[in-house]
Amino acid sequence: MSVELDVFVGNTTIMDEEVYQFWLDGYTVNEAVRVRMEGGVLEECEASAEVLHSDTMDQFRTFQMCERLLHSPAKLANQLLFQIPPHRQAMLIERYYAFDSAFVREVLGKKLSKGTKKDLDDVSAKTGITLKSCRRQFDNFKRVFKVVEELKGSLVENIQQHFLLSDKLARDYAAIVFFANNRFETGKRKLQYLSFQDFAFCAGQLINNWTVGAVDNMVEDMDVDLDKEFLQDLKDLKILITDKDMLDQHKSLVCTALRGKTKVFNEMEANFKNLSRGLVNIAAKLLNAKDVRDFFIDLVEKFIEPCRSDRWTAGDIRLFLTHYTNSAHILDTFKHQIVWDRYMGVIKSCILKMYHD
């Protein structure tokens, strides 16, 4: 009995981007085949269901074999087993390390440990993301964290160098590493309205201005740990609220500058001292790890919620914080302008990002 076979020989590894996404999303071979059939691929390629199943299974097997290389992306370019063009390699790496915003929002700021990994069943059920995909994303976060946490130099550049990610994705991973290291609280109900990108923006502000790397770019943990010396200096800002004359003078300068420029001037004037105490007290407490963790909760409770209840617009917030920051420079006996500007520059940017009016 003779059997006819069609054989195709080539040296470039065939990878369908759609099938790769199914594999990344945790689909089984049968689930992926069903979705491909529903998409009309059989008619498009004039193939049978058996051929489609075989093709899907073969590609899944290829992706599984590639996975260990994707854990150390530089190895992908130097291996000889798979002939993959450079642009395809970049696609494989970028998509492998991509993550779902709903997933990262659930684990952001948590310790990247076995304890958190055990909770992924709950995260999967809550987000609708397959458990397999949740585990891949979590393991990627943990892998990047372990590689870069002790390195000197820029956090973003180190991530790009070791994992060959795009600038945007590397910045997102820098935010994830930074939040995991400092254990910022992001899960409280009052913070649920904030997206991952809101937090990622704030992480970028903190990394660029409040870490050791902001002043010395060749120290270990430079972009991961907050600058302890700077946090210590922040305590000096308390004079703005403990010195009654200075507090009154600061209020007078800010209110003079704001009068006639906003519909909520009366509210600004009435709440000035409470808002100022809130912002300065946040600064004075940042030397404590517990208060660092509560940084975003404190911003919401001490500043954003009071302003929201008085119906401030984002424009009102910007106007107030600009004059609040600048007026401190005119105070005769205030001698901490450099620390003040370093602190308030980040506070203003974060509040404006977090304030959804």
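Reader: How far apart are the mean positions of the positive and negative charges of the chain?
Author: They are 7 Å apart, for 48 positive and 53 negative charges. Lys and Arg count as positive and Asp and Glu as negative, while His and the chain ends are not counted. Each charge is placed at NZ of Lys, CZ of Arg, CG of Asp or CD of Glu.

Reader: What sort of model is this, and what are the ground rules?
Author: This is a predicted model: local features need pLDDT of at least 70, side-chain atom pairs count only at pLDDT 80 or more, and totals for chains, interfaces and linings use all residues. Residues are numbered from 1 along each chain as its sequence is written, and side-chain values use heavy atoms, with hydrogens and water left out.

Reader: How many helices and strands?
Author: The chain has 21 helices and zero strands. Both are DSSP runs numbered from the N terminus, with helices being H or I of at least four residues and strands E of at least two.

Reader: Is the chain compact or spread out?
Author: The radius of gyration is 26 Å, well over the 21 Å from the globule rule for 357 residues, so the chain is more spread out than a compact globule. That radius is taken over C-alpha atoms, and the rule is 2.2 Å times the number of residues to the power 0.38. Along the principal axes, the C-alpha atoms fill a box of roughly 105 × 45 × 35 Å.

Reader: What percentage of the residues is buried?
Author: Buried residues are 45% of the 357. Buried means under 20% relative accessible area, exposed means over 50%, and partly exposed is in between (1.4 Å probe, protein chains only).

Reader: Switching to helix 11. Which of its residues are buried?
Author: In helix 11, residues 155-163, the buried ones are Leu 155, Val 156, Asn 158, Ile 159 and Phe 163. They cover an arc of only 165° around the axis, which puts them on the same side of helix 11. The arc is that of the directions from the helix axis to the C-beta atoms.

Reader: Why would residues three or four places apart point the same way?
Author: An α-helix has 3.6 residues a turn, so residues at that spacing point the same way.

Reader: And what is exposed on the other side of helix 11?
Author: Glu 157 and Gln 161.

Reader: What do the buried residues of helix 11 pack against?
Author: Helix 6 (86-97), helix 10 (131-148), helix 12 (167-182) and helix 13 (196-210). Contact means heavy atoms within 4.5 Å.

Reader: Backbone next. What is the phi of Leu 164?
Author: About 55°, a positive value although Leu 164 is not a glycine. Most residues other than glycine have a negative phi. Leu 164 is in the loop between helix 11 and helix 12, and at 41% relative accessibility it counts as partly exposed.

Reader: What about Arg 311?
Author: Its phi is near 65°, also positive in a residue other than glycine. Arg 311 lies in the loop between helix 19 (295-309) and helix 20 (314-327) and is exposed at 73% relative accessibility.

Reader: Last one, Phe 230: buried or exposed?
Author: Phe 230 is buried, with a relative accessible area of 2%. It lies in helix 14, residues 228-233.

Reader: What is Phe 230 in contact with?
Author: Leaving aside neighbours within four places in sequence, Phe 230 is in contact with Trp 210, Val 339, Arg 342 and Tyr 343. Phe 230 and Arg 342 are 112 residues apart along the chain, with 9.0 Å between their C-alpha atoms.
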